[in-house]
Every structure is written in C-alpha cells, then in structure tokens.
Amino acid sequence: MSSIATEAHATGAIAVELRSWYSLGSLYYEQGDLDRAIEAFESGIARAHAAGRDWAAYGTRVAHPGRPRRICPGNWDASIRLADAHGAPPIAEALLSAMGMIVRAGRGDASALELMARLQPRWARDGLLCVLTATAAIELYTTSGELDRALDVYHQAVTELTRLWQSSWLQVRIRFGAQIAAAASAVITSQPSARRAEIVEQIRPIVEGGRESAHRGLPKGRVLGVESVAWLARLEAEWARLRWLADVGPRPPKTTSRCGRRAWTLSRPVTCSSRLGREPGSPPCSDRLGAAPRPPMWWLRPARAARRLGAEPLLAEIRALATERAVTRELGGPQALTAREREVLALLVEGRTNRQVARQLYISEKTVSVHRVERPGEARRAEPGRGGGARAA
C-alpha cells in the first residue's frame with residue numbers, strides 16, 4: 001500500500017495517494033499496530049497539507065482518524081491539541097471536536113456534555129460522529145450514575161446508525177453494549193432487589209445485540225479487528241459483573257478475568273478501566289501487571305497510567321477497589337488495616353513510590369515496604385530483628 005502511495009506521489013495523483021495512506025493506516029489500526037497506523041495517517045495528513053487538500057475527500061478522511069488516534073497509545077494531551085479544528089469545514093470540525101470529547105469524558109469532564117446539543121443534530125450526516133459523541137456521552141453518564149440518560153443516548157445512536165448504515169448488526173453495538181452494562185453496574189447495588197432484576201432484564205437485549213453484531217456485522221471472510229475483539233471481551237466481563245452485583249447470577253468465573261486480560265492487552269487505556277473482566281475484588285489482569293500475592297498490588301500500574309492520563313474517574317475506581325474490596329477481602333475485612341496502612345495504601349494507589357510515601361508521611365522507606373508487602377497479622381507476629389516494631393510508626 002505504501003508503494004502505491006509512492007507511485008501516486010510520483011505521478012501527481014494526490015487523491016489516490018491520500019486514499020492509499022488512509023487505507024494503510026486503517027489496516028495497521030485494525031491489526032493493533034498503533035505506531036505504524038499513526039505514521040501512515042500522519043504521512044497522509046502531511047501530504048494533504050502540502051497539496052492544499054486538508055479538507056477535501058481523503059484529505060479529510062485521513063485527518064479524522066490520524067490526528068485523534070494518539071488517544072490509543074495513551075497520548076491524551078496530544079489528542080486534545082490535535083482535536084483543535086480551527087478553520088475546518090463543519091463536519092470535519094465536528095468530528096475532531098467529538099474526539100476531544102472522548103478524552104474529556106475519560107477525564108470526567110462533565111462540561112463535555114455541552115457539546116451534545118451542537119453535535120447530535122449532525123449525526124444524520126456522519127455515522128462516525130454519532131459513534132464518537134455517543135461513546136463519550138455514555139461514559140460521562142456512567143461516571144455520574146445516570147443510567148436512564150445513558151440508555152437514551154444508546155437508543156438514539158443505534159436508531160440513527162441503523163438508518164445510516166442500513167443494518168441492524170452494527171459492530172459499534174459491541175462497544176455500546178459493554179458501556180451500558182458498565183453504566184448499569186455503577187448503580188445496581190443502590191437499587192432494591194426487585195429493581196435490580198428489572199435492570200438486568202432491561203440490559204439483556206442490549207448485550208445480546210452486541211454479541212449478535214460481533215457475528216453478523218461483518219462481510220463474509222472478514223474478522224473482528226483488534227479493538228472490536230477487546231470490546232467484545234469487555235462486554236462479556238461487564239455482563240457477568242452486572243448479574244453478580246444484582247444477585248441474579250453466580251460469581252464471575254476465572255474465564256471472565258481472562259476476558260479482561262485479553263481486553264487490556266488488545267485495546268487502549270480508555271476502554272480498559274479497572275472494571276474489565278473482574279469479579280468484584282479481583283484484578284482484571286494481575287498476571288500482566290506484576291501483582292504480588294500479599295497484598296495484591298495489581299492496581300499499581302493501571303493507577304499510574306490513570307494518573308498520567310488525568311483519568312480521574314478511573315483512578316477513583318481503582319482506589320476504591322483497592323482499598324475497599326481487593327485488600328480488605330484478601331486481608332480479612334476492613335478492620336484488618338490500620339489507619340497508617342490505609343494512608344500508605346491510598347498514596348500507593350495514586351502511583352507514589354516508596355520514597356515519596358515515606359517523605360509525605362514522615363516514616364522510613366523500610367516501614368513503607370513492610371506495609372506494602374506483609375499482611376497485618378504477619379507483621380504483628382514478626383520475629384525480633386525483622387522490624388516487628390515498624391508498624392507502630
């Protein structure tokens with residue numbers, strides 16, 4: 001494909017060249033090769049700009065995925081900067097604004113919902129705009145615990161996309177299904193028992209629609225791309241978690257955790273929060289994240305990533321999971337941790353090093369390491385000479 005672009009460049013066929021860069025970048029992206037995808041898209045963007053074709057035909061198309069897909073490897077700040085569509089035609093400006101909305105949603109910026117009023121009327125003209133805007137809106141309504149509003153966005157988006165793309169089996173229903181299941185999980189435990197069962201049955205057809213779309217939403221001979229595979233893994237993980245939290249299903253099996261590990265491996269940070277593929281209280285990908293068995297430290301790497309990205313909703317969920325579920329479940333209940341242990345744990349969840357924690361709490365690094373590695377009961381039974389008195393710090 002790059003050779004076609006080279007030949008097109010030599011003959012001055014700019015439209016063919018731009019289309020080649022777009023196709024090449026899309027192919028790499030579907031294969032999960034983000035670096036090469038971005039390189040191809042940016043090559044197309046550079047050629048379009050040099051030829052004065054930034055917003056014409058494939059000049060526009062190559063700009064849409066090329067600029068904002070820095071989101072995928074986690075470069076959110078660059079994505080926000082590149083989403084600035086100053087001087088772009090209306091649809092191009094709307095698409096880039098919607099990609100910026102994705103990042104703002106990941107950071108819990110509720111003001112991003114103000115874009116809905118401006119972008120939604122344009123859904124009828126561009127399906128990708130509908131996908132991006134709906135994805136961000138559902139994420140924000142999940143963060144704020146507004147399941148009904150998330151469902152409204154889902155139904156409006158699916159209706160519009162079905163009309164635009166002339167099919168009920170849309171791959172994007174995999175993504176939307178996972179998001180809606182997560183939105184339901186966010187509120188399910190606050191509902192009465194009878195209402196919990198109703199919510200599960202309300203979500204069931206959405207999940208089934210996502211599953212069916214994974215099998216029927218592709219032309220013959222095509223397979224799901226990397227990101228769609230990750231969303232499908234998350235869909236199964238979220239559905240298992242929702243039913244367990246609603247007390248209408250069993251504890252998610254270990255295979256569900258493997259779904260989460262697969263999703264974490266294949267997809268980008270914004271799609272792979274601590275909600276992925278775990279039963280409540282267990283990590284989605286502990287074997288990948290270098291978890292220590294006592295106490296479980298699986299959350300350190302995703303917590304650091306969330307902090308670097310500025311993904312406060314994700315960081316808050318990791319913090320809550322680590323302090324209220326994973327550690328207390330492992331150590332025998334909330335009373336198993338002392339006040340100092342909770343202080344240490346909260347700072348570690350934020351991604352602080354042992355040295356930073358020690359300086360902030362005015363204790364030694366050795367004390368931090370004891371809190372971090374040993375169970376409380378074991379520390380209190382520590383042999384003389386092994387720092388048994390360190391826990392009194």
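Predicted model: local features only at pLDDT ≥ 70, side-chain atom pairs only at ≥ 80, totals over all residues.
1. **The chain overall.** The protein chain has 19 helices and zero strands. Of its 393 residues, 52% are buried. The exposed surface comes to about 18100 Å², and carbon and sulfur atoms supply 50% of that area.

2. **Contacts along the sequence.** Take the contacts between residues at least 6 apart in sequence. Among these, 63% join residues at least 24 apart.

3. **How α10 and α11 are arranged.** Helix α10 covers residues 172–188, and helix α11 covers residues 193–216. Their axes lie 8 Å apart, at an angle of about 160°. Angles over 145 degrees count as roughly antiparallel, so α10 and α11 are roughly antiparallel to each other. Their crossing is left-handed.

4. **What meets between them.** From α10 come Arg-173, Ile-174, Gly-177, Ile-180, Ala-181, Ala-184 and Ile-188. They meet Arg-196, Ile-199, Ile-203, Ile-206, Gly-209, Gly-210, Ser-213 and Ala-214 of α11. By class, this contact has nine nonpolar, four polar and two charged residues.

5. **A loop arginine.** Arg-352 sits in the loop between α16 (339–349) and α17 (354–361). Is Arg-352 buried or exposed? Its relative accessibility is 17%. Buried means under 20%, so Arg-352 counts as buried.

6. **Surroundings of Arg-352.** Set aside neighbours within four places in sequence, and Arg-352 is in contact with Arg-304, Arg-307, Leu-347, Val-357 and Gln-360. Leu-300 is 52 residues away from Arg-352 along the chain, yet their C-alpha atoms are separated by 9.0 Å.

Methods
Residues numbered from 1 in each chain as written. Heavy atoms only, no water. Axes fitted to C-alpha atoms, helices over the stretch in contact; angles between N-to-C directions. Helix = DSSP H or I, 4+ residues; strand = E, 2+ residues; numbered from the N terminus. Parallel < 35°, antiparallel > 145°, perpendicular 65-115°, else oblique. Left-handed = near helix turned anticlockwise from the far one by under 90°. Contact = heavy atoms within 4.5 Å. Nonpolar A, V, L, I, M, F, W, Y, C, P; charged D, E, K, R; others polar. Buried < 20%, exposed > 50% of the residue type's maximum accessible area, 1.4 Å probe, protein only. Areas by Shrake-Rupley, 256 points an atom, 1.4 Å probe, with all protein chains shown as cover.
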